[in-house]
Amino acid sequence: MSFSSRITTALADSNLQVALDGNFERSRTQRMNAMAALPNADLVRDRARAIRIEALSRLDTYLLQLEAAVQARGGVVHWAATAADANRIVLEIVQRKGDVTSPLVAKSKSMVSEEIGLNAALEKAGLRVVETDLGEYIVQLRGERPSHIVATAIHLRRSDVATLFEKHLGLPRTDDIPTLTAAARKALREVFVKADIGISGVNFGVAESGTLCLVTNEGNGRLCTTLPKVHIALMGIERVVPTLADLEIMLRVLARSATGQKITGYTNLLTGPRRRRDEPDGPDELHLILVDNGRSRVLGSELAESLLCIRCGACLNICPVYREIGGHAYDAVYPGPIGAVVAPALGGFTEFGELAGASSLCGACQEVCPVRIDIPTMLLKVRSAHVEETGGDAAWLGPAMKLWSFAMRSLPGYRLSLWLGRLGTRLLARNGWVRRLPGPPGGWTQSRDFPALARKSFRARFVERQTTDDRRQTMDDKRKT
Amino acid sequence: MKTVQLFITCILDALYPEIGEAAVTVLERLGLRVEFPAAQTCCGQPGYNAGYRAEARWVALHFLDVFAETDGPIVTPSGSCAAMIKHGYPDLFADDPLNLLRAKAVAARTFEFSQYLVRQLGVTDVGARHDGVLTYHPSCHLLRGLNEREAPLTLLRHVRGATLVELPGAEECCGFGGLFSVKMADVSSEILARKMSNLGVSAAPLAVTCDAGCLTHINGGLHRAGVSQRVIHLAEILAKQ
Ligand code: SF4
């Protein structure tokens with residue numbers, strides 16, 4: 001399905017529209033209140049941005065430091081250059097473990113694993129993967145992918161979940177949220193107990209201590225990383241921060257931007273696997289997989305700033321376009337305004353460049369971004385790269401732009417286009433308004449009338465006005481003499 | 001007498017000459033001499049925003065040719081064109097050192113109309129009068145592109161006879177976005193519908209804005225819907241006495 005037909009489908013889905021509107025209102029007020037309650041919010045954001053920039057500008061140093069620190073605490077570090085490498089490494093870990101008897105994998109939310117297609121790879125190898133974050137669990141049961149980078153199932157309403165659980169969990173149909181969550185919890189508890197492998201993402205990896213920070217609101221992340229014998233953590237290489245003090249700053253803005261909370265329900269700091277003698281829980285093995293998958297290439301490109309992103313989702317929540325079409329319409333792992341930069345940055349301009357067209361460049365995303373990423377400017381960069389690689393996605397646009405450019409770079413060309421525009425709109429207009437424009441501009445008159453061009457342009461009127469002024473002046477002067 | 005160079009964007013020139021004249025009226029009332037460099041055309045924003053950088057650069061070069069040789073501040077009654085010149089030009093000419101110098105010099109002299117009055121001239125009351133209820137729709141490019149929340153509101157608050165009421169969701173985009181409104185007409189229309197319903201809630205017969213793009217978009221929607229509310233440009237209100 002093309003982007004535009006996905007958009008049409010989304011706009012026609014009234015369930016989705018209600019869900020998206022609810023999300024918009026809720027998340028906007030919650031985030032605003034939370035930010036307002038943060039002392040020196042602007043300074044904290046500046047600091048957060050500076051930390052991210054520092055981490056990226058010496059990424060190699062910090063990653064090596066992280067590796068050494070994780071190893072010193074008894075963890076194993078793997079480097080995955082591509083998605084395929086990352087999947088292979090996970091499988092190798094699982095298969096090398098002789099004492100892993102259950103083919104069950106418990107997973108906590110991880111956008112990187114979505115990005116590399118991990119579930120499919122594991123299932124192909126005969127493993128059963130269960131997403132244990134409630135939202136992820138729901139979209140997994142539906143055979144979908146997340147539609148939001150934080151609130152995975154934001155496109156669904158309560159009744160959708162009721163139907164789903166009725167079908168998959170054999171739960172008598174109910175709209176009662178506690179009953180629904182209890183049913184999911186019961187199903188998932190069994191998974192935690194049985195699974196020998198737990199897989200999670202990483203919100204931040206702290207270079208100085210080798211600490212992996214995982215933020216969830218349900219506690220499932222904690223279960224995934226402590227109950228199974230083996231914990232595999234997948235981390236995009238850009239998610240490193242230098243120190244624990246830096247982590248503290250990042251956490252101050254992350255939860256507030258994402259869900260309007262001061263701090264997320266469960267903020268887990270994992271430093272190495274269980275030390276056998278003195279600790280009651282934790283996995284026997286901790287594997288950290290550092291996933292590049294195009295990031296180091298982006299680092300050297302004009303889209304490098306997108307790597308500052310901490311995946312809080314605030315830009316999605318405020319975006320007027322996301323609000324109308326939701327995440328699935330983007331058909332990319334990362335949706336919304338930042339997704340329209342990250343998806344083409346990682347996946348190529350030819351395939352994903354078109355997504356950057358889905359923006360009015362209103363700048364609301366940049367305004368809310370806790371690390372002040374200049375998303376609009378990068379959307380423009382994606383647009384021009386897309387045009388350069390593919391010639392643009394509308395056949396009429398290239399020639400139209402050439403013509404426009406030619407006409408606007410000289411006064412005669414400008415005058416001629418003005419004259420043509422005036423003639424055209426005068427012919428089409430009734431009472432000064434055009435109800436239907438022909439050709440590509442017809443999109444405008446789908447819901448809006450267009451005013452006919454003025455009979456006399458400003459420039460013509462300005463010249464007249466000046467001549468009258470001058471004449472009056474000369475008359476005055478004459479009278480005086 | 002201080003001279004300002006007036007940049008009347010292509011939309012204003014073609015569709016709303018009276019807005020340009022209103023801007024001239026206000027500037028002259030404040031004792032300024034207004035010059036209109038006659039060879040000016042467009043700032044190049046349509047091409048730039050659509051990703052056609054080469055095409056946009058040609059148009060921007062023409063703008064530089066016209067304005068670089070003039071003196072004094074360049075004032076334009078358009079937030080988005082001012083933002084284009086101030087932020088877009090340095091980006092367009094980033095790897096063309098000589099033109100980058102010219103672009104930066106021109107950008108430093110360019111001001112959006114309301115910002116010029118309040119921030120440069122220090123004027124808050126231009127002696128305008130309008131009897132009626134008004135609301136204000138901040139255009140995204142003025143609001144976030146040029147970071148200007150207050151200047152237009154300050155000027156409006158000093159209009160005699162006018163009552164300023166709040167517009168719900170004022171800072172949400174109207175869905176124009178230039179070519180976006182044509183290429184993604186469905187999405188753009190949905191966003192516009194929300195803006196129109198918020199205008200309805202405000203109940204002000206007139207909404208004021210500082211960008212002819214939003215103005216054309218919202219008025220086009222209102223006219224199609226048969227609603228009598230209208231959006232007018234700040235300069236038009238300020239010119240009235
Ligand atoms: S771009 Fe900014 S607002 Fe959007 S998800 Fe990333 S950090 Fe959050």
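Contact here means heavy atoms within 4.5 Å. The model shown in these views is predicted.

**View 1. The interface between chain B and chain A.** By that criterion, 66 residues of chain B are in contact with 65 residues of chain A. The size of an interface is often given as the accessible area lost when the parts come together. Between chain B and chain A, the buried area is about 5,800 Å², and carbon and sulfur atoms give 61% of it. Asp13(B), Tyr52(B) and Arg224(B) together supply 13% of the area that chain B buries against chain A, more than any other three residues.

View 2. Several helices of chain B each supply at least two residues of the side that touches chain A, among them helix 1 (10-15), helix 4 (53-67) and helix 12 (212-225). Helix 11 of chain B gives the largest share of that side, nine residues. By class, the residues on the side of chain B that touches chain A are 31 nonpolar, 20 polar and 15 charged. Twelve salt bridges are counted between chain B and chain A. In one salt bridge, the side chain of Glu172(B) meets that of Arg28(A), at 3.0 Å from N to O.

**View 3. The shell around the ligand.**

**View 4. Strand 5 of chain B and its partners.** Strand 5 (residues 129-136) of chain B pairs in the parallel sense with strand 6 (residues 160-165) of chain B, over five bridges. Within this pairing, Ala162(B) in strand 6 of chain B stands opposite Gly132(B). Strand 5 of chain B also runs parallel to strand 7 (residues 206-209) of chain B, and three bridges join the two. Here Tyr136(B) has Val208(B), in strand 7 of chain B, as its bridge partner.

**View 5. A salt bridge within helix 5 of chain A.** Over all chains, the structure holds 41 salt bridges. In the one shown, the side chains of Asp85(A) and Arg88(A) meet at 3.3 Å, N to O. Asp85(A) and Arg88(A) are separated by about one helical turn, because they are three residues apart in helix 5 (residues 83-96) of chain A.

Terms used:
Residues numbered from 1 in each chain as written. Chains lettered and ligands numbered in written order. Predicted model: local features only at pLDDT ≥ 70, side-chain atom pairs only at ≥ 80, totals over all residues. Heavy atoms only, no water. Buried area = accessible area lost by both parts, 1.4 Å probe. Salt bridge = Lys/Arg side-chain N within 4 Å of Asp/Glu carboxyl O. Helix = DSSP H or I, 4+ residues; strand = E, 2+ residues; numbered from the N terminus. Nonpolar A, V, L, I, M, F, W, Y, C, P; charged D, E, K, R; others polar. Pairing = 2+ DSSP bridges.
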